[in-house]
Amino acid sequence: MAVHMPFGRLFLRRLVTVYTTNEKHNGHKYIPVKLTKRRDTRTFSAACVKYNENGGDNSDSVSLKLTSSKQAFLSRRRQPLSPLERISRLLPQDTLSPEVMQLREQNQSDDHIHVPVTLSTHGEDGHQVATDEEDPESHSVLDAAEDLNTLSLQLEEKPVSHVLPGESMLAFGDLLIAEYRKKRVEFKKMFQLETEGCLQSSWGIIPHKVIAGQPAGQFLKTSRGVPLFIRRASLEDYVLYMKRGPTIAYPKDANIMLMMMDVTEGDCVLESGSGSGALSLFLSRAVGSKGTVLSVEVREDHYRRAMLNYKRWRTSWSVRRGEEWPDNVQFHNANLCTASSLLAGQGFNAVALDMVSPQLALPTVVPHLHSGAVCAVYLANITQVIDLLEGIRCSALPLLCERIIEVPIRDWVVAPSLQKNGQFSTRKAPIPDTDWRQDETSDENDRDLTTEENPDPAFGSIPYIARPSCEQTSHTAFLVKLRKCLL
């Protein structure tokens with residue numbers, strides 16, 4: 001009798017008790033049970049046990065009982081290997097570190113699991129006869145089972161929370177992101193939960209009432225059965241998908257500007273060119289509740305758009321976290337070149353300029369900038385950078401140009417290699433001294449058999465493709481770092 005049971009990569013220890021019925025003889029005996037490992041399964045083999053002390057031909061029926069675990073390990077699929085285990089299989093053995101060698105030896109020892117089997121008999125009165133002999137390894141197996149039960153009870157006492165610390169379930173007013181991925185992101189949309197709202201897409205609809213009350217970061221099916229990934233919008237998501245007037249300062253540039261200016265909590269920062277309010281939000285988070293941001297915008301329509309975007313994010317944050325986002329940004333509709341009265345009596349730890357001609361505003365700004373502080377300038381083209389440096393030279397301003405940089409980001413596609421029929425490709429080792437035509441035919445046959453019989457191939461058996469994405473972010477801006485110095 002042979003029973004095939006998938007063990008995957010789990011470290012299992014099971015106590016198997018074999019009961020036999022002998023009408024004429026009483027006794028006990030330990031018999032070994034052999035566990036042999038194949039590609040994806042381990043074979044549990046046993047046969048009829050013949051027990052005869054007096055030389056008679058008496059055969060006993062043997063039944064095997066596996067003690068099932070509370071977590072049903074036998075029904076789980078193969079678990080992926082860790083990166084350390086994968087590296088240990090790719091590198092030569094003489095180059096492996098002691099930690100990797102120890103891990104490899106541990107895996108090899110786990111491939112040969114010894115399962116003790118106890119043979120007990122029934123007496124003439126029908127009761128089981130307890131054995132007097134004890135297997136020294138049986139205690140270790142029992143102890144392991146007790147430890148497993150204790151661990152499972154501890155996990156039940158402390159259930160894992162489905163929300164991040166400080167956050168709550170999705171509620172009306174939350175700003176969410178809905179994504180649908182296939183080979184790449186096919187659909188991505190930011191929306192706000194409303195009482196009578198409905199998420200609409202080409203893959204179906206989801207009423208907002210169904211989303212409310214659910215934990216963030218899960219898949220919900222549309223009316224057409226397509227799973228959409230629903231999560232909360234981060235600040236980066238918000239500035240990229242919010243309504244905008246002019247072009248925003250993209251998150252990759254805004255983060256570098258914050259590092260250039262070395263903005264910390266409690267700083268007072270001046271911003272010129274509110275635009276759609278993207279950089280204002282990043283500055284607001286950087287200075288915290290103890291700091292302030294003075295944002296000046298010359299166009300009234302941009303000024304109103306920046307205020308609305310800032311207010312919408314603060315409202316969503318209060319629903320998400322249960323606390324107020326700091327109200328530390330003061331928006332003003334004015335021209336910074338002629339706003340000396342607005343800056344009177346104020347000193348700034350940093351200045352961020354997003355203007356067409358920042359060199360015209362620097363004579364007004366520099367007197368209010370602390371000595372050694374940084375002015376970060378956001379410019380779209382290199383001719384503006386040249387005009388800025390020429391204006392600083394002609395005005396003899398106490399500014400030192402430290403850096404002129406461009407921040408590129410290169411996205412990559414890393415995914416399993418698939419065949420035209422949608423099945424996984426398999427990595428094949430080269431076979432020397434064979435005809436390449438025969439080798440190609442055998443590879444195709446093995447590939448089809450492998451993918452059909454094993455929907456979850458072993459770790460490292462599937463080749464991956466890695467190439468730059470065809471959709472790249474183009475040029476956004478040049479960043480100029482100016483530091484005030486004493487002449």
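# Briefing: cavities, pocket and salt bridges

Two cavities of 30 Å³ or more turn up in a search of the whole structure. The model is a predicted one. Its largest pocket has a volume of about 1,200 Å³.

**Largest pocket**

- Lining the largest pocket are 31 residues, and the closest to its centre are Arg181, Val185, Asp411, Ser469 and Glu471.
- Two or more lining residues come from each of these elements: strand S11 (175-181), strand S12 (185-192), helix H5 (235-241), helix H6 (251-261), S23 and strand S24 (464-468).
- S23 gives the most, with five residues.
- The lining has 14 nonpolar, five polar and twelve charged residues.
- Arg181 counts as exposed because its relative accessibility is 54%, and exposed means over 50%.

**Second largest cavity**

- The second largest cavity holds about 40 Å³ of space.
- Its lining consists of Asp174, Leu175, Arg232, Ala233, Trp313, Ser316, Trp317 and Arg320.
- Helix H8 (residues 300-321) supplies the largest share of that lining, four residues.
- By class, the lining of this cavity has four nonpolar residues, one polar and three charged.

**Salt bridges**

- Side chains of opposite charge can pair when their charged atoms come close.
- Glu179 pairs with Arg181 in a salt bridge, with the closest N and O atoms 3.5 Å apart.
- Glu179 also meets Lys188 in a salt bridge, at 3.5 Å from N to O.
- Glu179 is buried, because its relative accessible area is 7%.
- Lys188 is partly exposed, with a relative accessible area of 30%.
- Lys481 and Glu402 form a salt bridge through their side chains, at 3.4 Å from N to O.
- Lys481 sits in strand S25 and Glu402 in strand S22, so this pair ties together parts 79 residues apart in sequence.
- Lys481 counts as buried at 13% relative accessibility, whereas Glu402 counts as partly exposed at 35%.

**Nonpolar surface patch**

- Trp412, Val414 and Tyr464 make a nonpolar surface patch of about 370 Å².
- Val414 belongs to strand S23 (residues 412-416).
- Val414 counts as exposed, because its relative accessibility is 58%.
- S23 is also the element that gives the most to the lining of the largest pocket.

**Loop residues**

- Asp262 has a phi near 55°, a positive value in a residue other than glycine.
- Asp262 is placed in the loop between H6 and strand S17 (268-272), and counts as exposed at 55% relative accessibility.
- Ala396 likewise has a positive phi, near 55°, and is not glycine.
- The loop between helix H11 (382-395) and strand S22 (399-406) holds Ala396, which is exposed with a relative accessible area of 56%.
- Cys470 lies in the loop between S24 and strand S25 (478-484).
- Cys470 counts as exposed, because its relative accessibility is 70%.
- Cys470 and Val413 are 57 residues apart along the chain, and their C-alpha atoms are separated by 8.8 Å.

How values were computed:
Residues numbered from 1 in each chain as written. Predicted model: local features only at pLDDT ≥ 70, side-chain atom pairs only at ≥ 80, totals over all residues. Heavy atoms only, no water. Patch = residues over 30% accessible without salt bridge, like charges linked within 9 Å, V, L, I, M, F, W, Y side chains within 5 Å. Areas by Shrake-Rupley, 256 points an atom, 1.4 Å probe, with all protein chains shown as cover. Salt bridge = Lys/Arg side-chain N within 4 Å of Asp/Glu carboxyl O. Buried < 20%, exposed > 50% of the residue type's maximum accessible area, 1.4 Å probe, protein only. 1 Å grid on protein atoms, 1.4 Å probe; cavity = no way out; pocket = protein on both sides within 12 Å on 5 of 7 lines; lining within 4 Å. Points joined across faces, edges and corners; volume = space filled by probe spheres on them. Nonpolar A, V, L, I, M, F, W, Y, C, P; charged D, E, K, R; others polar.
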